[in-house]
Amino acid sequence: FPTLLVRFYRARRIKRFEIQLVDALVGIASAFRAGMTLYQAMEEVARTSLAPMRDELSLTVREVRLGKTTDEALENLADRVASDDLRLVVPAINTARSIGGNMAEMLDTLSATIRERFRIEGRIRALTAQGRLQGWIIGAMPALVWLGFDAVRPDLTRPMMQHWFGYSVIGVVVFLELLGILLIRR
């Protein structure tokens with residue numbers, strides 16, 4: 001259970017970070033247009049953002065301040081956060097810095113791409129919501145039918161709970177239900 005809880009909170013933190021990443025990229029692009037360097041832009045966005053973006057960018061700025069190159073600090077950020085979107089942004093920033101290009105325009109394009117991906121994912125979730133609800137209802141059906149039979153005719157259901165065969169049937173049903181849930185989630 002603790003492992004599942006940590007995994008849940010980690011996934012939630014990454015999701016929050018990815019949502020904040022769009023605004024952070026827009027903020028960094030605006031800072032570039034205002035004449036700031038990447039370090040100054042990250043420092044400014046870190047100061048004005050909420051957690052977890054504030055925490056991660058502050059740590060990245062601290063790494064640069066302590067002597068790491070900006071490329072290394074950004075790579076460490078991508079490794080720490082483990083966000084797919086950030087894994088696209090960091091190489092793009094490092095490449096644009098090394099070859100020289102319009103960083104503000106590149107960051108605006110990346111933020112628009114990430115924003116569009118969020119919109120499409122939300123639409124997919126909305127379209128599949130009915131199917132997921134049907135899966136939960138169908139999954140709960142054996143237990144509901146059992147409770148219904150037990151309420152109407154307990155003389156038919158109670159003897160099953162007094163024999164090894166009844167327990168094995170219930171075990172098979174529970175196993176198949178869990179297998180069905182896993183397959184539906186995939």
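Leaving out residues up to four places away in sequence, Thr-70 touches Leu-38, Met-42, Val-64 and Arg-97. Thr-70 itself is found in helix 4. Keep in mind that this is a predicted model, with a mean pLDDT of 90 for the protein.

**How confident is the prediction?**

- In this protein, 100% of the residues reach a pLDDT of 70 or more.
- Confidence is highest in helix 3, at a mean of 94, and lowest in helix 7 (residues 154-157), at 85.

**Buried or partly exposed?**

- Is Thr-70 buried or exposed? Thr-70 counts as buried because its relative accessibility is 15%, and the cut-off for buried is under 20%.
- Leu-59, found in helix 3, is partly exposed, as its relative accessible area is 30%.
- Leu-59 also gives you a sense of distance: its C-alpha atom is separated by 59 Å from that of Asp-150, and the two residues are 91 apart along the chain.

**Where helix 2 meets helix 3**

- Find helix 2 (residues 38-48) and helix 3 (residues 53-65): their axes come within 8 Å and cross at roughly 145°.
- The crossing of these two helices is left-handed.
- On the helix 2 side, the contact is made by Tyr-39, Met-42, Glu-43, Val-45 and Ala-46.
- On the helix 3 side, Arg-54, Leu-57, Ser-58, Thr-60, Val-61, Val-64 and Arg-65 take part.
- Sorted by class, the contact of helix 2 with helix 3 has seven nonpolar, two polar and three charged residues.

**The largest nonpolar core**

- How many residues are in the largest nonpolar core? There are 33, and those touching the most other members are Leu-21, Ile-28, Leu-86, Val-89, Ile-93 and Leu-107.
- At least two residues of this core come from each of helix 1 (2-33), helix 2, helix 3, helix 4 (70-81), helix 5 (84-99) and helix 6 (103-152).
- Helix 1 supplies the largest share of the core, nine residues.

Methods: Residues numbered from 1 in each chain as written. Predicted model: local features only at pLDDT ≥ 70, side-chain atom pairs only at ≥ 80, totals over all residues. Heavy atoms only, no water. Axes fitted to C-alpha atoms, helices over the stretch in contact; angles between N-to-C directions. Helix = DSSP H or I, 4+ residues; strand = E, 2+ residues; numbered from the N terminus. Left-handed = near helix turned anticlockwise from the far one by under 90°. Contact = heavy atoms within 4.5 Å. Nonpolar A, V, L, I, M, F, W, Y, C, P; charged D, E, K, R; others polar. pLDDT = per-residue confidence, 0-100. Core = buried A, V, L, I, M, F, W, Y, C linked by side-chain atoms within 4.5 Å. Buried < 20%, exposed > 50% of the residue type's maximum accessible area, 1.4 Å probe, protein only.
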